[in-house]
Structure formats: structure tokens, C-alpha cells
Amino acid sequence: MKLYDYAASANCYKVRLLLAQLGAEYERIPIDIFGGDTLTDEFAAINPARSTPVLEHPPGHYLPESNAILLHLAEGTPFFPRDPQVYRWLFFEQADVVPAIGGLRFRLITGRLQPDEPDALRRRAAAHDVLALLDAQLAARQFLVGNSYGVADIGLYGYVHVAGEAGLELEPYTAVRGWLTRVEAQPGFVNDLDPYPANATAGAGRSIYD
Ligand SMILES: N[C@@H](CCC(=O)N[C@@H](CS)C(=O)NCC(=O)O)C(=O)O
């Protein structure tokens, strides 16, 4: 199994977290997205969307999309409870959590947006809506689906745990904070999300964002 992977991407980190908790052996293929690695014809043949992560398994078969990879790897394991709510949370993560929290964090840290610009204010408001929704969901339960830890929690943890780096104060979201602590206490938990490297700064590299 190979993972085409960017160390500073929370979408990639979500997959690395599940792989670690499954005890799976795999080879990491580092993709320097701001070094132009996703802009090559070779990478487009692996994933025409030019994004990471991509799982290669078996050799020559490529699965892009972080949450598709999570669902595929978790199939038949305790990390995938037979409850359709799992799908609901993973779609919510991509549609609402990533653009709001992930998009804000990436653009602020790498200098693509200033905190007082309209796009930052819009993303910040959306992020607080997301956090309030999650806080209400988690107020009466230990984990997002069926009260047992699984891929829905892994998918949401990826970007929610770095909300503070986007300047989002988590203090009012008591249930979210409790859930983050429970996720971090799970057997085999790892956090190997790297900070953005220097070439991620606006104007410093080449990527689909520039
Ligand atoms: N929906 C995709 C989004 C993946 C994505 O946006 N990946 C970013 C890093 S977080 C990327 O690889 N961008 C490629 C580039 O900038 O060239 C998923 O969940 O896998």
C-alpha cells in the first residue's frame, strides 16, 4: 500500500491517523504540493484533481479523496460502525468543515488572506456555525456516531483540532473540547501533522492555489 501524501495536509493526516490505528504497513510517497509536484502529468495520471491524499492499493489502482480512503480502509473494521450517519458526517466535513476551518487556517497562515478581509470574515462565521453544530451533537454523546470512536471522528478531528490555528477560540465549545480529548486518548492515536513549510507562503511556490 502506498500513500501519496503531503505532511502538512490535514486531509492526508486523517488517513495517516487511521492507518496508524489499524496498524497497517504502508509506504509514504511525499508530495511537495507547493514545489509543483501535483502539477505534473505523472501526478494527473494518478489523480486528475491534482490533490492529496491518494491511496495506491493494489499497485496501479489509485483512490483519491481523503474520506473515500477512510471509508475504504475502515470497511469491516470496528472503525466503521454500520450506521449511515457515518456518511452524513464525512460529507459534512468536506462540504462545511474544510472550507470554513481548513480554508481559513490555510489562507491566514500562508498569507493568502488577512483576518479582516471579507472572505476571512465569511469563513470565520461559517466556522463558528460548524463548531456550534458539532458542540450540540457532541453534548449528549461521546463520539459522533453510535457512541463509539470511528472514521467519522477521525474525519472531523483532522481540521477541528487545528481550529485554534485559524484564530478560532474553542473555549465556548465545551463538548467539542471534551471530544477532542477523547479522540486523543484512543489507542494508537498519533498526531504527525506538520506545520506548513516556507514554500507554502503565498508567492513562494507553485500549486493549484497559485
Ligand atoms: N476533497 C479532497 C481535497 C484534497 C485537498 O484539497 N488536498 C490538498 C491538500 S489539503 C492538495 O493536495 N492540494 C494540491 C495542490 O495544492 O497542488 C480530499 O478530501 O482528499
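The protein's accessible surface comes to about 9,600 Å², as worked out by the Shrake-Rupley method with a 1.4 Å probe. Carbon and sulfur atoms make up 55% of that surface. Keep in mind that this is a predicted model, where local features need pLDDT of at least 70, side-chain atom pairs count only at pLDDT 80 or more, and totals for chains, interfaces and linings use all residues. Residues are numbered from 1 along each chain as its sequence is written, and side-chain values use heavy atoms, with hydrogens and water left out.

Here are some whole-protein values.

| Property | Value |
|---|---|
| Radius of gyration (over C-alpha atoms) | 17 Å |
| Span of the C-alpha trace along its principal axes | about 50 × 45 × 25 Å |
| Distance between the centres of the positive and negative side-chain sets | 3 Å |

As for secondary structure, there are seven helices and four strands, taken as DSSP runs (helices H or I, at least four residues; strands E, at least two). Along the sequence they come in the pattern β-α-β-α-β-β-α-α-α-α-α.

You'll find it in the loop between α6 (151-160) and α7 (174-184). Is His161 buried or exposed? His161 counts as buried because its relative accessible area is 17%, and buried means under 20% (1.4 Å probe, protein chains only). Leaving aside residues up to four places away in sequence, His161 touches Tyr13, Leu180, Asn191 and Leu193, a contact being heavy atoms within 4.5 Å. With Asn191, the His161 side chain also makes a side-chain polar contact at 3.2 Å. That term stands for a pair of N or O atoms within 3.5 Å, one able to donate a hydrogen and the other to accept it.

Note on methods:
Rg over C-alpha atoms; globule rule 2.2 N^0.38 Å. Lys, Arg positive; Asp, Glu negative; His and termini not counted. Charge placed at Lys NZ, Arg CZ, Asp CG, Glu CD. Buried < 20%, exposed > 50% of the residue type's maximum accessible area, 1.4 Å probe, protein only.
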